[in-house]
Amino acid sequence: MCKYGKGDTTWFTHDRFGMFIHWGLYSMLARGEWIRHHEQISNEEYQKYFDLFNPDMFNPREWAKAAREAGMKYFVITSKHHEGFCLWDTKYTDYKATNTPAKRDLIREVVDAFRAEGLRIGFYYSLLDWHHPQFTLDRIHPMRDRTTPEEFNKGRSMKRYAKYMRDQVTELLTNYGKIDIMWFDFSYPGPNGKGRDDWESEKLVKLVRKLQPDIIIDNRLDLPGSGDIVTPEQYTPDKGMVDENGNPVVWEGCQTFSGSWGYHRDQTSWKSPKMCIELLINHVSRGGNLLMNVGPTSRGYLDQRAMDRLQAFANWMKYNSRSIYGCGQAPAEFVAPADCRYTYNPETKRLYLHFFTWPFKHVHLADMADKVQYAQLLCDGSEIKIRTRSSAIHTGLNSVSPENALTLDLPILLPQSAGEVPVIELVLK
Ligand code: GLC
């Protein structure tokens, strides 16, 4: 790890929840950000989107406000995705937002807006670039079946492209103040692929660490030991993630609302608000962060489906965020009952019991008889009565606590602020 330096992840494992933003020309085609690959679209055929890109309803203050209200503490935006289009005013290409009808540095405005809402800043930067004149053909390039390497690669040099990346990364990490995360995406070594030698990953990492010493770098540069975080994508690991020696690693799962990262108009596979909240809890209960993606429309706003889900996070986080911030995986001695998840705050020594289904009308916590001094519903701070086998009064009427278990007697109906997933806060002895 230390060979390439190390970023500061202390704030990151405390804050737990961030917003991913995928925005580019692909939002106009509205079929996801891999559209050039899927439909094998050439630079020439793709040019019309650049000429017409006009986010006339772009107001990053609205995005930032929605993110903050949802409880997100940082964000990561695609400064450039695989299509090669740059959202900022870079000196190193004309293929940038300033030269479209948008006519401005969109990254600058996004950074200013999110900073003003108190969120930390992350840049996603695609290692792939399907538009760049030096980038060579490979197995996932949009032109892979439309030309040959001999023809396509004539005059191209990945060395020059790697230099271009370093120049751009230097701009991003010099001109926008303190940047907290650098999110490179992605490597695909092997036959006809690209990896660390193509990206010159080592030079990139050294450059990033030099320009922003505390920055967090992800693990997609194909350079073992260089990443501060592990980044599972579109799935939730079923337990905490560990390195080859079995030690826990810092990880962040990135997830979409509907499957695609870039705006997808016709996708109907949107996760329900409850599923979204469960995602967040699952990640934190396994010691990870959640980076939840939005794909703004080409006009620059977040569509209602995204806003509804951000609002669901906001409603839940308003009353329940204490079970997320500063929390992580509970020590192994605490085994959650069926349909429940624990998170744990090691500083306050409080354990948070999340119910994916609400039981009637008690729950037994195995082996917890002596461990809890007080229990309350997190959302309204109302006491939850606890009993053990020996403390029960009407043993014949109430369901009896199993040996060594702690039983929580629960209300049938919950306050509205409990939201999609009720949480009980256990103050440990
Ligand atoms: C992938 C995809 C990409 C997306 C990213 C997010 O590797 O290439 O479209 O930006 O994952 O994690």
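**Close-up views of a predicted model**

**View 1. Helix α5 (residues 60–70) and α12 cross at roughly 35 degrees, and their axes come within 7 Å.** What we're looking at is a predicted model, where local features need pLDDT of at least 70 and side-chain atom pairs count only at pLDDT 80 or more, while totals for chains, interfaces and linings use all residues. Residue numbers start from 1 along each chain as its sequence is written. On the α5 side the contact is made by Ala 66, Glu 69 and Ala 70, and α12 brings in Met 307, Leu 310, Phe 313, Ala 314 and Met 317. By class, this contact has 7 nonpolar residues, no polar ones and 1 charged. A few terms for this view: the axes are lines fitted to C-alpha atoms, for helices over the stretch in contact, with angles running from 0 to 180 degrees between N-to-C directions. Helices (H or I, at least four residues) and strands (E, at least two) are DSSP runs numbered from the N terminus. Two residues are in contact if their C-beta atoms, placed from the backbone, lie within 7 Å. Ala, Val, Leu, Ile, Met, Phe, Trp, Tyr, Cys and Pro go down as nonpolar, Asp, Glu, Lys and Arg as charged, and the others, Gly among them, as polar.

**View 2. Two cis peptide bonds: Asp 185 to Phe 186, and Phe 360 to Lys 361.** For the bond from Asp 185 to Phe 186, omega is near -10 degrees. For the bond joining Phe 360 and Lys 361, omega is about -15 degrees. Lys 361 belongs to the loop between β9 (350–355) and β10 (362–365).

**View 3. Asn 192 has a positive phi, and Asn 404 does too.** Phi of Asn 192 is near 60 degrees, and this residue lies in the loop between β4 and α9. Asn 192 is exposed, with 12 other C-beta atoms within 10 Å. For Asn 404, phi is about 65 degrees although it is not a glycine; look for Asn 404 in the loop between β13 (385–387) and β14 (406–409). Asn 404 counts as partly exposed, because it has 14 other C-beta atoms within 10 Å. The cut-offs: with C-beta atoms placed from the backbone, a residue is buried if 20 or more others lie within 10 Å of its own, exposed if 12 or fewer, and partly exposed in between.

**View 4. Gly 227 is in the loop between β5 (216–217) and β6 (251–255).** With 22 other C-beta atoms within 10 Å, Gly 227 is buried. Leaving out residues up to four places away in sequence, Gly 227 touches Ile 217, Asp 218 and Asn 219. Met 143 is 84 residues from Gly 227 in sequence, and the two are 31 Å apart in space, C-alpha to C-alpha.

**View 5. Lys 271 is in the loop between β6 and α11.** Lys 271 is partly exposed, with 17 other C-beta atoms within 10 Å. Neighbours within four places in sequence aside, Lys 271 is in contact with Phe 257 and Cys 276. Lys 271 and Phe 257 are 14 residues apart in sequence and 5.6 Å apart, C-alpha to C-alpha.
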